[in-house]
Amino acid sequence: MKRLAFIVIPALIALGHSIRPPIIEGTEANLHEFPYQVSLQWNFNNGSRARHFCSGSIINQRWILTAAHCLEEYTKDGWFEVVAGVNNIAHEEAGAQRRNVTSYEQHELYDLSAIKYDIGVLQLSHPLDLTRNIKTMRLATKDTLIHQKIAKFAGWGSISKTWEDIYPDKLM
Ligand SMILES: *[C@@H]1O[C@H](CO)[C@@H](O)[C@H](O)[C@H]1NC(C)=O
Ligand SMILES: *[C@@H]1O[C@H](CO)[C@@H](O)[C@H](O)[C@H]1NC(C)=O
């Protein structure tokens, strides 16, 4: 619990300052350790590669779960892209799959100021091919009992302990 608070509280504090919550004192993830984790990127439509700004999780081949605060368009003529099966977002591993996004929706009760219902979904233009390295996440049901007290949190957020962000290319 102590460890979780250590991760979550800075994440909330950092919201106003950076869209990428920090991963502080984490370690580099093993290759494809989190096969449901995707990189959410914005393509500025100017020839540069799309830029990572948030993570998501694979619900199924067509749908990605993410945070509602990630579903804000950066520029009028750009678009969202999703990359699955990737650890290093600067040098994507073989087998990574990139998709366009056809629609997205924030939770109808999403409240930015209270950070409530910060959840949303994205629909992909083409289904992901599920592979050894690209898998759906396991979803809890309302009957799921969680006995485990230690959780893992993965992401490409800042690893810096100061206000000056340092973004890792590799999943932490
Ligand atoms: C495209 O736009 C992004 C965001 O403004 C910028 O960082 C990048 O340098 C631009 N690329 C080109 C080729 O202008
Ligand atoms: C993604 O969408 C953009 C904008 O509509 C389009 O130019 C691009 O070709 C699409 N990419 C793929 C892989 O479908």
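This is a predicted model: local features need pLDDT of at least 70, side-chain atom pairs count only at pLDDT 80 or more; totals for chains, interfaces and linings use all residues.
Strand S2 is joined to strand S3 (residues 63–66) by 2 bridges, and the two run antiparallel. The protein chain holds 1 helix and 6 strands, and the 6 strands close into a barrel. Below is a tour of the barrel, the core, the ligand and a few residues worth a look.

**The chain as a whole**

- Read from the N terminus, the elements follow the order α-β-β-β-β-β-β.
- The protein chain has 172 residues, and 23% of them are buried.
- Take the contacts between residues at least 6 apart in sequence: 60% of them join residues at least 24 apart.

**How the barrel is put together**

- Going around the barrel, the strands come in the order S1-S2-S3-S6-S5-S4, with antiparallel pairing. On average, neighbouring strands of this sheet are turned by 45° against each other, direction ignored.
- S1 and S2 run antiparallel and are joined by 6 bridges. Here Val 38 has Gly 56 in S2 as its bridge partner.
- S2 and S3 form a hairpin, with 4 residues between them. Across this pair, Ser 57 stands opposite Leu 65 in S3.
- S4 pairs with strand S5 (residues 97–106) over 4 bridges, again in the antiparallel sense. Ala 84 has its bridge partner in S5, namely Gln 97.
- S5 also pairs with S6, through 5 bridges in the antiparallel sense. Look for Gln 106, which stands opposite Gly 120 in S6.

**The nonpolar core**

- Which residues touch the most other members of the largest nonpolar core? They are Val 38, Leu 40, Ile 64, Val 82 and Ala 84, out of 20 residues in that core.
- At least two residues of this core come from each of strand S1 (37–43), strand S2 (51–58), strand S4 (79–84) and strand S6 (120–124). S4 gives the largest share, 3 residues.
- In general, nonpolar side chains tend to be buried together in soluble globular proteins.
- Setting aside residues up to four places away in sequence, Val 82 touches Val 38, Leu 40, Gly 56, Ile 64, Arg 99, Val 101, Leu 122 and Leu 124.

**Around the ligand**

- What surrounds ligand 1? The residues are Phe 44, Asn 46, Gly 47 and Ser 48.
- Sorted by class, this shell contains 1 nonpolar and 3 polar residues, and no charged ones.

- Met 137 sits in the segment after S6.
- Is Met 137 buried or partly exposed? Met 137 is partly exposed, because 16 other C-beta atoms lie within 10 Å, while a buried residue would need 20 or more.
- In sequence, Met 137 and Tyr 36 are 101 residues apart, yet in space their C-alpha atoms are 5.2 Å apart.
- Leaving out neighbours within four places in sequence, the contacts of Met 137 are Tyr 36, Ser 57 and Ile 58.

**Two residues with positive phi**

- As a general rule, most residues other than glycine have a negative phi.
- Ile 115 is not a glycine, but its phi is positive, at about 50°. Ile 115 lies in the loop between S5 and S6.
- With 14 C-beta neighbours inside 10 Å, Ile 115 counts as partly exposed.
- Tyr 117 also has a place in the loop between S5 and S6. Phi of Tyr 117 is positive too, near 50°, in a residue other than glycine.
- Tyr 117 is partly exposed, as 14 other C-beta atoms lie within 10 Å.

How values were computed: Residues are numbered from 1 along each chain as its sequence is written. Chains are lettered from A and ligands numbered from 1 in the order in which they are written. A residue is near a molecule or strand if its C-beta atom, placed from the backbone, lies within 6 Å of it. Ala, Val, Leu, Ile, Met, Phe, Trp, Tyr, Cys and Pro count as nonpolar, Asp, Glu, Lys and Arg as charged, and the others, Gly among them, as polar. A residue is buried if 20 or more other C-beta atoms lie within 10 Å of its own, exposed if 12 or fewer, and partly exposed in between; C-beta atoms are placed from the backbone. Two residues are in contact if their C-beta atoms, placed from the backbone, lie within 7 Å. A nonpolar core is a set of buried Ala, Val, Leu, Ile, Met, Phe, Trp, Tyr and Cys residues joined through C-beta atoms within 7 Å. Two strands pair if DSSP finds at least two bridges between them. Axes are lines fitted to C-alpha atoms, for helices over the stretch in contact, and angles run from 0 to 180 degrees between N-to-C directions.
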